[in-house]
Amino acid sequence: TWTPDSEVSKVNAAAGIKPMAVSDETFRVIARAQDVAIKSHGVFDITVGAYKGLWKFDQDLDGSLPDMKDVQARKKLVNYRDLVIDAKKKTVFLKRKGMSITLGGIAKGYAVDQCVALLRKRGFVDFIVQAGGDMYVSGKKTDTPWVVGIRDPRGPREASFAIAPIEDHAFSTSGDYERAFVKDGKRYHHILDPRTAQPATKSRSVTIRARDAFTADAWSKVLFIEGWQGAMKVAATLPDFDVVIVDDKNEIHITKGIEPVLNIIKPPTPGV
């Protein structure tokens, strides 16, 4: 979205005007994003691009809060149902002017998967690909499994509260600590609930083990917003999908699939 001549930017510029033709790759990513939006009933929604600039969590982070009038106005522009995709024509259309899509919630997972495919095509077996909180772990580290850590949401950057051996799986974490600030005793962070335009409050971190990074990346946001009870219900419906959650009360919740290999080395650090 920060590149004016990108396909995503062109789709946004044509909002409320006309459908825009995009490449097969861009269409494939948007179509998969819409599938997650439908399955999550809008908890995942790439039309949250309309919230850009409302909150200051990037280079402009200054601890300020948006005006509630602006929040209410932007909320009217966020609705995945108003994003129309045409598989035959490979077009994408936002129904109303002012609407905007962003692929920030899935692009890293997609990129990781593409890198994994490229490395395997070149004959590599044992490797790790990582982009921010999204990674794919392939094969082993010599004759032992790779071991990855889950960051302590309130601890130092290098601190993990749990570790697990991972092989041929994606491992993605969404947390409220990377782009965030605390104001008047309350934490504000970049994972917004599309339905409220407010930072989600039910989780501190959500880690997913899945077969591919795209799935792990997209659904980690959904489960973060839903909270642990809703997350466990979702996890039960997806194949080869496991979750480790630190909730808003700093308690850990784990699906049964990853429980035998997860080693909790210390309780998560308390704090706001």
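## The second largest pocket

The second largest pocket holds about 160 Å³ of space. This is a predicted model, so please read the description with that in mind.

Which of the elements gives the most? That is E10, with three residues. Sorted by class, the lining has six charged residues, together with three polar and three nonpolar ones.

## Around Ala180

Ala180 sits in strand E9, which covers residues 180-183. With neighbours within four places in sequence left aside, Ala180 touches Phe57, Leu61, Arg187, Tyr188 and His189.

For a sense of distance, consider Lys141, which is 39 residues from Ala180 along the chain. The C-alpha atoms of Ala180 and Lys141 are 34 Å apart.

## Helix H5 and helix H2

Next, a look at helix packing. Helix H2 (residues 24-39) and helix H5 (residues 213-226) have axes that come within 11 Å and cross at roughly 40 degrees. An angle of that kind makes H2 oblique to H5. The handedness of this crossing is right-handed.

On the H2 side, the contact is made by Val29, Arg32, Ala33, Val36 and Lys39, and they meet Phe214, Thr215, Ala218, Trp219 and Val222 of H5. By class, this contact between H2 and H5 brings together seven nonpolar residues, two charged residues and one polar residue.

## Helix H5 and helix H4

H5 also packs with helix H4 (residues 107-121), at an angle of about 170 degrees and with the axes 7 Å apart. Here the angle makes H4 roughly antiparallel to H5. The crossing of H4 and H5 is right-handed.

Which residues of H4 meet H5? They are Ala107, Lys108, Gly109, Tyr110, Val112 and Asp113, and their partners in H5 are Ala213, Phe214 and Asp217. The contact of H4 with H5 counts five nonpolar, three charged and one polar residue by class. Phe214 of H5 is a name to remember, as it meets residues of H4 and also residues of H2.

Note on methods:
Residues numbered from 1 in each chain as written. Predicted model: local features only at pLDDT ≥ 70, side-chain atom pairs only at ≥ 80, totals over all residues. Heavy atoms only, no water. Axes fitted to C-alpha atoms, helices over the stretch in contact; angles between N-to-C directions. Helix = DSSP H or I, 4+ residues; strand = E, 2+ residues; numbered from the N terminus. Parallel < 35°, antiparallel > 145°, perpendicular 65-115°, else oblique. Left-handed = near helix turned anticlockwise from the far one by under 90°. Contact = heavy atoms within 4.5 Å. Nonpolar A, V, L, I, M, F, W, Y, C, P; charged D, E, K, R; others polar. 1 Å grid on protein atoms, 1.4 Å probe; cavity = no way out; pocket = protein on both sides within 12 Å on 5 of 7 lines; lining within 4 Å. Points joined across faces, edges and corners; volume = space filled by probe spheres on them.
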